Amino acid sequence: MNTAVQTRMAVQTATVYSILFAVSAIHMLNDSMQTVVTALFPVLRDSLALTLSQIGWLSFALNMTSSVMQPVVGLYSDRHPTPGMLPVGMGMSLLGIAGLAFAPNYWTLLLATVFIGIGSAVFHPEGSRVVYFAAGERRSFAQSIYQMGGNAGSMLAPLMTIAIFIPLGQRGAAWGMLLAAAAIAVALYVVPWYRTQLAAYGVPVKRKGKAADGRTLHDGLSGRTVAFALTLLVLIVFARSWYAAGINNFYPFYLEDKFGVSKQTAQLALFLYLGAGVAGTFFGGIWGDRFGRKNMIIFSIVGSAPFALALPYLPLEAIFPVVTVLGFIMMSGFSVSVVYAQELMPRNVGMASGLIVGLAFGMGALGAVVLGEWMSAIGENPIPVIDAVSYLPLIGLLAFLLPKDRRR
């Protein structure tokens, strides 16, 4: 084997940790900016007299904007990779954060939230492609580091509520502009390396194979098999995202109404759930490389079902440890699901990433609206609704039907 070939293989198989952690940091900052929206909900509910229905629509605007655009941006970037999208996406989020801090009414809040969603949609597919290049042979691990950054950003929501927004109110969101500036700076560090990788390895390849019966092959799998697997993933993402929509957006209100706890105590329970999810994302990626993507998907969604089903019937003191274990198990399969989709569609990494991650946001957005409207219809009462969504993880039993892993 000649030296040039050896060098090319080394570049393609080595994990580039500096870039991997840099893009994970951008992901953390990006999701922290999205978190500003949800962290403000308890404050906005009082200061602008928002209903639970309006809070659901704000969550819908944030998540649906990013989810609808992510597969579209991913499809475009598969054909025309654009490193400049990384800082541009963060710039859009910067505008949204500025609008959020000084919005005088609900409709201005809604517009600012849309800008933050667009920024996220522009960032995620290109961010996933950077991770794909930097991962080498450790794809589940690399994706878990990337997703762990995003989950760490989401985890900050309850802390922001306790430390910033309850004392400072809506204007405290202006601190989020510093997050956007930091994200732009790190993105400018990543862009030159990313551009170099695209020049060396990232030219889109236009090839299609045909099976004997004329069906299109996706590197050995028929289009029908890929479609079946993606359909199952969609249903699994639906179950996880609707459950997460209930916990992330409304569980603090549930605890306040059911147990009469303070806002700070309710936010602490959410913090434990999200913080454990960060750890679950990290270890899930490591275990996904070792034990298989499909096995981890099954473990994450099916393993979390008993804890989700038990949660509504626990006394207050038992909720905190159980919600911690629940967050760890449920999020252990998220990054693995993205890698599984990428390996189903290895020539459309951006689209596969945008589909699964964007779908998670979109399903969560729809769930927030439906659950919010349901709660408003029964007198602003979150208790029966949160109890009902505890059955959703049972849909994860469909994961047993997924095709076996396709490691490449």
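Ile 26, Asn 30, Met 33, Val 36 and Val 37 in helix H2 meet Met 90, Ser 93, Ile 97 and Leu 100 in helix H5. By class, the residues of this contact comprise seven nonpolar, two polar and no charged. The model described here is predicted.

**Packing of H2 and H5**

Two packed helices are described by the angle between their axes and the distance between the axes. Helix H2 spans residues 17–39 and helix H5 residues 85–102; they pack at an angle of about 25°, with axes 10 Å apart. Because angles under 35 degrees count as roughly parallel, H2 and H5 are roughly parallel to each other. Their crossing is left-handed.

**Salt bridges**

The count of salt bridges comes to two.

| Side chains | Distance, N to O |
|---|---|
| Glu 126 and Arg 129 | 4.0 Å |
| Arg 293 and Glu 343 | 2.7 Å |

Glu 126 and Arg 129 both belong to helix H6 (residues 106–134), where they lie three residues apart, about one turn of the helix. Both Glu 126 and Arg 129 are buried.

Notes
Residues are numbered from 1 along each chain as its sequence is written. This is a predicted model: local features need pLDDT of at least 70, side-chain atom pairs count only at pLDDT 80 or more; totals for chains, interfaces and linings use all residues. Side-chain values use heavy atoms; hydrogens and water are left out. Axes are lines fitted to C-alpha atoms, for helices over the stretch in contact, and angles run from 0 to 180 degrees between N-to-C directions. Helices (H or I, at least four residues) and strands (E, at least two) are DSSP runs, numbered from the N terminus. Angles under 35 degrees count as roughly parallel, over 145 as roughly antiparallel, 65 to 115 as roughly perpendicular and the rest as oblique. A crossing is left-handed if the near helix is turned anticlockwise from the far one by less than a right angle, and right-handed if clockwise. Contact means heavy atoms within 4.5 Å. Ala, Val, Leu, Ile, Met, Phe, Trp, Tyr, Cys and Pro count as nonpolar, Asp, Glu, Lys and Arg as charged, and the others, Gly among them, as polar. Buried means under 20% relative accessible area, exposed over 50%, partly exposed in between (1.4 Å probe, protein chains only).
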